Structure formats: structure tokens, C-alpha cells
Amino acid sequence: MNPDRDFIEANLRLHVDRLAGLIGPRTLTKPKTIEATIGYIEGQWSEMGYSNDRECYDALGDEATNLIVEQPGSKRADEIILLGAHYDTVATTPGADDNASAVAVLLEVSRLLREHTGRRTARYVAFACEEPPYFNLDSMGSQHHARESRQRGDKIVGMLCLEMVGYYALHKGSQVVPPTIPQFLHRFFPQRGNFLAAVGNMPSWKLNWQFRRGFKRGTRRMPLFSICLPEKINEIRLSDNSSFWDQGYPALMLTDTSFLRNPNYHQATDTPETLDYPRMTEVTLGVASAMRRLLH
């Protein structure tokens with residue numbers, strides 16, 4: 001298969017422009033921005049031929065909505081591979097990297113895999129309420145979904161969390177090592193922010209190994225730094241992946257490493273033109289390839 005990189009890149013630019021440029025900050029305190037975001041995501045999935053479900057719940061007194069589509073598997077349909085991204089922002093930012101970039105990749109991966117039927121079921125979820133004041137509370141969209149999945153007995157064999165995947169820097173020193181990593185280990189971490197990171201907790205090592213093999217098959221242009229760390233390294237728990245770890249599911253955070261690289265994190269300067277769309281295209285191809293492997 002020869003992917004049309006130009007087509008994918010144009011779509012990524014469109015998604016980010018609509019979410020971060022046209023709609024802007026996406027928060028429950030401005031309900032119309034959430035309505036517009038939900039409408040955009042659902043509209044894209046509808047154009048692809050998916051029918052999506054809304055998972056509504058109470059978030060600190062307001063109604064929040066996760067958006068879900070599924071592609072049933074052929075032989076092991078009870079086993080689920082979940083790809084997710086949160087669509088909300090903090091109120092101070094248009095959120096191009098955090099997290100329109102991830103929603104854009106989520107949409108394009110689901111488009112690339114629309115006609116792909118794996119043995120396992122593919123589940124794509126756009127999560128509400130990842131950002132403060134909901135972060136680390138039961139009102140996070142991913143906390144609600146992971147908890148409901150566990151109560152239903154859903155067999156999620158792998159969760160991939162897209163968390164800020166659009167910002168890249170090539171100069172030495174552009175990548176910061178998490179401060180909770182012991183100093184003597186810093187030399188093993190990249191110093192240039194030119195890669196995607198796939199980060200798991202220790203029980204997710206097998207998922208990370210399988211993801212890496214699939215990602216590398218999809219793109220040779222995007223460096224991948226994959227690692228599993230103890231959860232006491234707090235930086236690895238700062239997104240929706242931790243909600244699934246809390247329920248005992250294997251999960252990875254796929255990220256450009258957020259504030260360890262991007263100076264626009266949670267700032268008004270997190271705008272569409274700061275992102276690297278050719279590299280986001282390679283992330284899309286790599287994640288789609290990894291999904292194919294995991295769905296097999």
C-alpha cells in the first residue's frame with residue numbers, strides 16, 4: 001500500500017484548523033465550543049461511514065460526552081484495541097497540540113482503517129474532560145469509560161492514548177528529560193525533540209513491544225522512542241492512559257512529550273501554525289500500522 005501522504009497531511013491541517021483555529025478553547029464552561037467540537041468529530045466519522053455512540057455522564061455537575069465508534073473483529077471480537085484522544089482544552093489555549101493534534105490523528109487513523117477488519121475489535125474514542133479541573137478525578141472522560149468498560153467486563157487488550165503529537169524540534173537540547181528520572185540515566189534519553197514517544201507502565205511492556213514493531217512497519221521517517229517505566233515516574237501518568245492502568249488494562253501514551261518539549265503548552269500560543277504536519281502524517285501512518293498489527 002502506498003499511502004497518499006499529501007491527502008493525509010491536508011486532512012490533518014483541516015482538523016487542527018477547525019478545532020484550534022475556528023472553535024478555539026474547548027471547555028464545558030463554554031458549552032457551544034463543546035457542541036461544535038462534538039459536531040465536527042461526529043460529522044467526520046459519519047462521512048467515513050461510521051455510526052458513533054455518545055457516552056454521557058456527569059462531570060462536576062455538567063454533562064460531558066465521550067464519542068465512540070467500533071469496528072467489530074472477525075474472530076476475536078471480544079478482544080478490543082482502543083485508540084483514544086481527549087478533545088477538550090484548558091480555557092487559556094486554542095489547544096492545537098493539546099489536543100487537536102491527537103484528535104486529528106485519531107480521525108485519520110480511523111479513516112485509514114475504515115475498510116480493515118481485524119480479528120480483534122477496533123474501538124476509537126474521543127474523550128471529554130482530560131484537562132483541569134477534571135484531571136485526576138472520576139469526572140475525566142477516560143476514567144468514566146475505563147471504569148464502565150471494567151464493570152461491563154470489556155476485554156481491552158491494549159489502549160493507545162494519543163496525547164499531543166504535533167510539535168517537533170530538531171536542535172540539540174530541545175528535548176528535556178523528565179525531572180523524576182535519575183540523573184545517571186539521562187544519557188540514555190534523546191536530546192532532540194524530533195521523535196514520538198511510546199510510554200507504558202511496567203505491565204504494558206508487551207503492548208509496547210508489539211506497538212513498536214507495527215509502528216516501524218508503517219513509517220521509517222519518524223523516530224520512535226519506546227520505554228516502560230514505573231508509575232512513580234509521575235510524568236507518565238499525566239494523560240488518559242493512566243485511567244486504563246487504574247483499571248488493570250495495558251495502555252501506552254503516544255506523545256511528543258508535551259511540556260518537556262513544547263513551549264506553547266497550555267498557552268495562547270498553542271496555535272495551528274506551530275505544528276509539524278509532515279511529521280504528524282508519519283505518526284498517523286505509524287499508528288495505523290501498529291493498529292493493524294495489534295488487531296490481527
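Colleague: Which residues of α1 meet which residues of α3?

Modeller: This is a predicted model, in which local features need pLDDT of at least 70, side-chain atom pairs count only at pLDDT 80 or more, and totals for chains, interfaces and linings use all residues. Residues are numbered from 1 along each chain as its sequence is written, and side-chain values use heavy atoms, with hydrogens and water left out. A contact means heavy atoms within 4.5 Å. From α1, the residues F7, I8, N11, L12, H15, V16, L19 and A20 take part. Their partners in α3 are A96, A100, S101, V103, A104, V105, L107, E108, R111 and L112. Sorted by class, this contact of α1 with α3 holds 13 nonpolar, three polar and two charged residues. Ala, Val, Leu, Ile, Met, Phe, Trp, Tyr, Cys and Pro count as nonpolar, Asp, Glu, Lys and Arg as charged, and the others, Gly among them, as polar.

Colleague: At what angle do the axes of α1 and α3 cross?

Modeller: Two packed helices are described by the angle between their axes and by the distance between the axes. Helix α1 spans residues 5-23 and helix α3 residues 96-112; their axes come within 9 Å and cross at roughly 135°. (Helices, H or I of at least four residues, and strands, E of at least two, are DSSP runs numbered from the N terminus. Axes are lines fitted to C-alpha atoms, for helices over the stretch in contact, and angles run from 0 to 180 degrees between N-to-C directions.) The two helices α1 and α3 are therefore oblique to each other; under 35 degrees counts as roughly parallel, over 145 as roughly antiparallel, 65 to 115 as roughly perpendicular and the rest as oblique.

Colleague: How does α3 pack against α7?

Modeller: Helix α7 covers residues 277-295, and its axis lies 9 Å from that of α3, at an angle of about 50°. That makes α3 oblique to α7. Here too the crossing is right-handed. On the α3 side the contact uses S101, A104, V105, E108, V109 and L112, and on the α7 side M280, V283, T284, L285, V287, A288, M291 and R292. By class, the contact of α3 with α7 has ten nonpolar, two polar and two charged residues.

Colleague: What is the angle between α1 and α7?

Modeller: The angle is about 110°, and the axes of α1 and α7 are 9 Å apart. Helix α1 is therefore roughly perpendicular to α7. In α1, the residues R5, I8, E9, L12, R13 and V16 meet Y277, P278, M280, T281, E282, T284 and L285 of α7. This contact of α1 with α7 comprises seven nonpolar, two polar and four charged residues.

Colleague: How much space lies in the largest pocket?

Modeller: Rolling a probe the size of a water molecule over the atoms shows where empty space is left. The largest pocket contains about 420 Å³ of space. Of its 29 lining residues, the closest to its centre are E235, M253, T257, S258 and L260. (On a 1 Å grid over the protein atoms alone, where a 1.4 Å probe fits, a pocket is an open set of points with protein on both sides within 12 Å along at least five of seven lines; lining residues have an atom within 4 Å of a point. Grid points are joined across faces, edges and corners, and a volume is the space filled by probe spheres set on the points.) Strands β6 (196-201), β7 (224-229) and β8 (251-255) each supply at least two residues of this lining, and β7 gives the largest share, three residues. By class, the lining of the largest pocket has 19 nonpolar, five polar and five charged residues.

Colleague: Which residues line the second largest pocket?

Modeller: The lining consists of L28, P31, I34, E35, I38, R54, D62, E63, A64, T65 and Y87, around a volume of about 180 Å³. Helix α2 (31-48) and strand β2 (62-71) each contribute at least two of its residues.

Colleague: Where do cis peptide bonds occur in the backbone?

Modeller: One joins D98 and N99, with omega about 20°, and N99 lies in helix α3. Another joins P132 and P133, with omega about 10°; P133 is in the loop between β4 (120-127) and α4 (141-152).

Terms used: A crossing is left-handed if the near helix is turned anticlockwise from the far one by less than a right angle, and right-handed if clockwise.
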